[in-house]
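Subject: Structure for your review

Dear colleague,

A summary of the findings follows it.

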Amino acid sequence: MSRGGGKGLSLKDKLDGNELDLSLCDLNEVPVRELAALPKATILDLSCNNLISLPSDFCSLMHLVKLDLSKNRLQQLPLDFGRLVNLQHLDLLNNRLVTLPVSFAQLKNLKWLDLKDNPLDPVLAKVAGDCLDEKQCKQAAVKVLQHMKAIQSEQDRQRQRKLQAEREMEKKREAEQRAKEAQERELRKREKAEEKERRRREYDAQKAAKQEMEKKTKKETVQTRKPASSSRPPQPPRHKPSWSRSLLRVLLFVLFCILCTLAACKLTELQRQPLCVSVNTLYEDVVAALQNHKTLQNMLQHNSQQ
């Protein structure tokens, strides 16, 4: 057997009935695979080696009934050490253990336990006692199991309280989430109702405006269909054209032409033309005649007043 873990050696050579002695082999680790192949070895002696820890698969050796791990350097046992449910005798003398795993409480068949010469927790050391004889070691097994069961129960209660608190917290979160969702739904519902009311008001306003427009259009249509006499303002009667009006227009036109000719002959260079000379002479004669007529009229008016 090598010091690394017993490789190269058949453990059957060390098997004596149901007892396998691997003490004083200078082991640094436990040959779990080889031990698992020997289910008949219910008594295992690993004392006086250099074991610092046990591998996690060591707890698969559930056929063990008696286990001697004394005088090693074990600082802790595997967390699932309680899987060794058939274990009745356990020797942990002179190691470096401070506490035991909580699963230790599952070793319901344990009848003998030695924890002397370990730097145990003061509470655990007081429970374990001295184990100076067979009776004390049996009492140590019973008391330590009770102590570990109490610890396990307390941890279970703490775990249950924690689980209950987590459930309560989860329920609270769910309730808050439901309340939040309900509030959001109510908000969306209210917004939807407000939007519907706004659209309804817009629709009513548009409908009222449309009706007003139709009413106004209908009124204008009715007004346009009324008789002209009632809808149009009275117009002055039209006079029929007469011969006197036409004659007056002709005379005015002739007078306008005469005035234009006279102005041209008086004010422009055409006054030296023969036609303009005749016109100017005629104009002067007419003016003189009108002046004489006015003088005569004034004289007659004066005489009549006398």
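Two strands are taken to pair if DSSP finds at least two bridges between them. Strands (E, at least two residues) and helices (H or I, at least four residues) are DSSP runs, numbered from the N terminus. By these criteria, strand β4 (residues 66-68) and strand β5 (residues 89-91) run parallel and are joined by 3 bridges. Leucine 67 has leucine 90 in β5 as its bridge partner.

This is a predicted model, in which local features need pLDDT of at least 70 and side-chain atom pairs count only at pLDDT 80 or more, while totals for chains, interfaces and linings use all residues. Residues are numbered from 1 along each chain as its sequence is written, and side-chain values use heavy atoms, with hydrogens and water left out.

The protein chain contains 6 helices and 6 strands. From the N terminus on, its elements follow the order β-β-α-β-β-β-β-α-α-α-α-α. The 6 strands make up an open sheet with mixed pairing, ordered β1-β2-β3-β4-β5-β6. Because β1 (15-16) and β6 (112-114) each have a single partner strand, they stand at the edges, and one side of each is left without a neighbour in the sheet.

Of the 306 residues of the protein chain, 23% count as buried (under 20% relative accessible area, with a 1.4 Å probe and protein chains only; exposed is over 50%, partly exposed in between). Leucine 255, in helix α5 (residues 243-267), counts as partly exposed because its relative accessibility is 45%.

Yours sincerely
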